[in-house]
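Reader: Hi! Could you walk me through this structure, starting with the charged side chains?
Author: Happy to, let's look at it together.

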Amino acid sequence: MLFHDRLICRGLGWLVGSAALLAAVAPAANYSRVCEPEIKPAFLPLPPGAVEPAGWLRDWAMAARDGITGHLDEYHPTFRDGWKGTSIAAPGAEPNGMGWPIEQCAYWLDGALRLGFILHDDALIRKIRARLDPVVDGVHKADFGTSLIYWKKGYKPEEFNGWAHSQLGRALVALYQGTGDKRVLDALVKVYADYPAKMGKLPLANCQVTGLCNLDAMLETYSLSGDRRILDRALAAMAQPDVVREIRDWGDGILPPGHMVVIYEDIRLPALVYPWSGDRLQLQATLGAMKWLDDNHMLPYGVASGEEFASGIGAFRKTETCNVTAMLLATSWVYRIQGNGDWGDRMERAFFNAGAAPIARDFKTMCYYQSPNRLRADSLPCEQPHSPGPAGTHFHQLGCPSVLCCVGAVNRIIPNYVIHMWMATSDDGLAATLYGPSTVSAMAGPKVPVRVTTTTDYPFDEGIRMKIEPKQDVQFPLYVRIPGWCKQAEIRVNGIPLPIRPDDKGFVKIARTWSGRDTVEMKFPMAPRVLRGFETEFPAADRSYFRFEPAAVFKPRRLPYASILYGPLLFALPIPDIDPNTPVDDARWQYALDLQRCEGITHGDARENETVPVGPVGVAVERRIMPAHWDWPLDAPLRLTAPAQAFDWKPSDSQALPDRPVAGATHETIRLVPYGCTKFRISMFPVAAP
Ligand SMILES: [Zn+2]
C-alpha cells in the first residue's frame, strides 16, 4: 500500500475504510468503482475489451492494426523513443525527453493499447505494455511526489508537458482497467496523490494548453483507488478563482474562439468534476460551451472547424484530425455523466463521417486536415493552412511530417468509439449507447456474465439484431437508444413488437428475464434530411492568426449552403480519386442543390443550422449489398440521388460559396455517397434559387 488512510466514500460523506466497513456499504452496482460520486453518472463504462468490434467495424479496426496504429513506432523517432526518458530526434523535442514527442507519442500509446484491448490482440497489447511498463516501474522506483515524467527527479510538469502528462495518464488508466494490474493503479495513485492543485488554468484564447487536462486521469484514479488526496487536488484545481471566473462565462455561451483541440479538451472538464462537486454551474458551463460550438463552428460532419484555431462555418473550412478524437472523448464524458441519447447521436455522426474521411482506405496514410469540400490535395482551393503548413492537406504515412499530433491522435478514434458502444447502468442493466456490429461480454443482473452479439450493417442499413446470451437465466434491464433523427423506430423482442416509449433521455427500457434464446430486433427507418445554414466569416478575434487570409473573410457574411443527411451519415458528391492525393481530372462538381424539387422543403429564409426532413420525392435511396470486406469504398453500398443545378461555380480564397441562391442553371440529378467514403468531394453545396 502506498498510503494508510484509505477512504471509502459514500456520496460526499467520507468513511475511514476497513474490510469490515467495505462489507457494510450497500451492494455496489456492477462496474461501480471503489468510490462513486453523490451525483450518479447515468452510465458506468465497461473496461476496454468488453466490447469487441464485428462485421464492417472489425475490418476497419484490423486495418488500423495492420496500418498506422500497429506500426507507428516504426515510422518516426517520436513514436519509437517517446516516454523513454532519453533525448528524441524529433520536431518540438525538449532536452531530456520532453516536449512535443511525449504528447504525440502518448496519443499513439493510448490509442494503440485500446485498439489491442478491443481486438483482444495480445501481440499489440504486449508491444504497448513494453513501452508503458517501464513508466510504471520508473514511478515506483522514484521518490513519492514524482510524475509520469519520472526520470526528472521531483519534477511537476506544467503547461505543455502537463498536457502531455495528462495524455499518458489516460493510457495508464486504460492499462489498469484492461488488465487489472494493481501496480499500474498504484503508480497512478503515487503520481496524482501529490499532483499540484495549481496544475493549470483554462485560458482558451491563445492556444495555451493546460495541465488541468489531467483531471480525467485523476478522477478515474480516485474512483478506482479511493485515495482522497487525489479528489482534494482535483476539486481544488477547479476551484482556482481564475478557473471559476472563466467557466462562469461558458454557461452563458461566451468563449474566445481559440485553438479547437484545447477547446474540446477544456470544455468537458467542468462537467467531469460536477458529479463530485455537486456544483450544477459546472455542468451548465460544459453544456453552454458545447452549444456555443454548435452555433458558431460546427461543420456538417459533426465536428467543429479548427485550422488549428476555430475558423467558423464554411464549405472549405478545415478540421484538424486531433479534433475528431477530442470531440469523441469530450462527448463520451458528457454522455456518461448525463445519459442523454442525443450525445450518442452526436458521437455517431462524428465517428461515421469525420472519423473516416481523413484516413486512407488501407489505414496506411492519413491527413492532418479534412474539410466538407475538398477539390485538390495541394489546397482546397483556398489558402494554404498557416499551421502546420502546406502538407496539412496531404495524405502521408505521418499525416503532416513536421507536426505529428494528428497521426498520433488518429489511433484513438476507433477504440474510443467501440469502448463506448455499450455501458452499464446503476440498476445492473446494460445500455446500447452507440450502434454498429459488435459483441459485448459483460455482467448484468446479479453479476451474471452475459454476451450480446449485435449483427448489423448500421449505419449503412436500418436493421439491428441483438442476440442476448446470459450464462444462466437472469433478469436485468436492457436499454436501447432511439436515435433522435428516427421518427418511427420498431423493436421486436423474440419477434413480438414492443411499444416504443422512450424515456426522457431517448432510451427504451426492456426489462425481463433473459434466457439465452432471446433476440431483440430493431429497425431505425432513415429518411433524407436537408441541413440548411450559412457560411459565416472567420472569427475576427482570430484575425492575427489568420492574417494570411484575404480581409474579406472577416466581414460578416451569410452565404447559404445545404447538405444532405441520412440517418447518422452525411452524404457527399464524390470526386473519384486515383489515390487519396489525386482526384481524377474530369469530374464535375459545380452543382447547387435544388431544394425546390425536394418534397417537404418549405421556402423562405432558412434558420441557422436548420435540419429539415424531406420526402422520397426529390432524394431517392439506392441500396446494394455490403462488400465482403469493408474499406470505405467509393462504390458505396448506400447511395442517394438528389436534384441539383449545374452552374459556373468558381470558389475563391475570399469567397467559397455564392452570396445568394444561384439561378439560371441546368437541372440534373447527382448521385451522393457517404462522406466517409470520399477523399475528394462536395458535401456543403450552394443552393439553387427557386
Ligand atoms: Zn493534430
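Author: A salt bridge here is a side-chain nitrogen of Lys or Arg within 4 Å of a carboxyl oxygen of Asp or Glu. This is a predicted model, where local features need pLDDT of at least 70 and side-chain atom pairs count only at pLDDT 80 or more, while totals for chains, interfaces and linings use all residues. Residues are numbered from 1 along each chain as its sequence is written, and side-chain values use heavy atoms, with hydrogens and water left out.

Reader: How exposed are R65 and D66?
Author: Buried means under 20% relative accessible area, exposed means over 50%, and partly exposed is in between, using a 1.4 Å probe and protein chains only. R65 counts as partly exposed because its relative accessibility is 25%. D66 is also partly exposed, at 39%.

Reader: What about D518 and R512, what do their side chains form?
Author: A salt bridge, at 3.5 Å from N to O. D518 is buried, with a relative accessible area of 4%, whereas R512 is partly exposed at 29%.

Reader: And are D648 and K650 buried or exposed?
Author: Both are exposed. Their side chains meet in a salt bridge at 2.7 Å, N to O.

Reader: Which residues are linked in a network of salt bridges?
Author: R170, D216, E265 and R268 are.

Reader: Switching topic: which way do the side chains point along strand β13?
Author: Helices (H or I, at least four residues) and strands (E, at least two) are DSSP runs, numbered from the N terminus. Strand β13 covers residues 463-470, and its side chains alternate.

Reader: Why do they alternate?
Author: Because in a regular strand the side chains alternate between the two faces of the sheet.

Reader: How many bridges does β13 have with β12?
Author: Two strands pair if DSSP finds at least two bridges between them. Strand β12 (residues 448-456) pairs with β13 over 7 bridges in the antiparallel sense, with T453 opposite K467. The two are joined by a hairpin through 6 residues. Strand β18 (residues 518-523) also runs antiparallel to β13, with 6 bridges between them, and there M522 is the bridge partner of I464.

Reader: Now helix α6, where does it bend?
Author: At A130, by about 35°, with a proline, P134, following within four residues. The bend is the angle between axes fitted to the seven residues ending at a residue and the seven starting there.

Reader: What caps its N-terminal end?
Author: D121 caps α6, with a side-chain oxygen 3.1 Å from the backbone nitrogen of A123.

Reader: Last one: where does N411 lie?
Author: N411 is in the loop between α17 (405-409) and α18 (413-419). N411 is buried, with a relative accessible area of 1%. Its side chain reaches the backbone oxygen of V407 at 2.8 Å. Contact means heavy atoms within 4.5 Å, and, leaving aside residues up to four places away in sequence, N411 touches I68, T69, L72, W108, G111 and A112.

Methods:
Polar contact = N/O pair within 3.5 Å; in protein donor to acceptor, adjacent residues only side chain to side chain.
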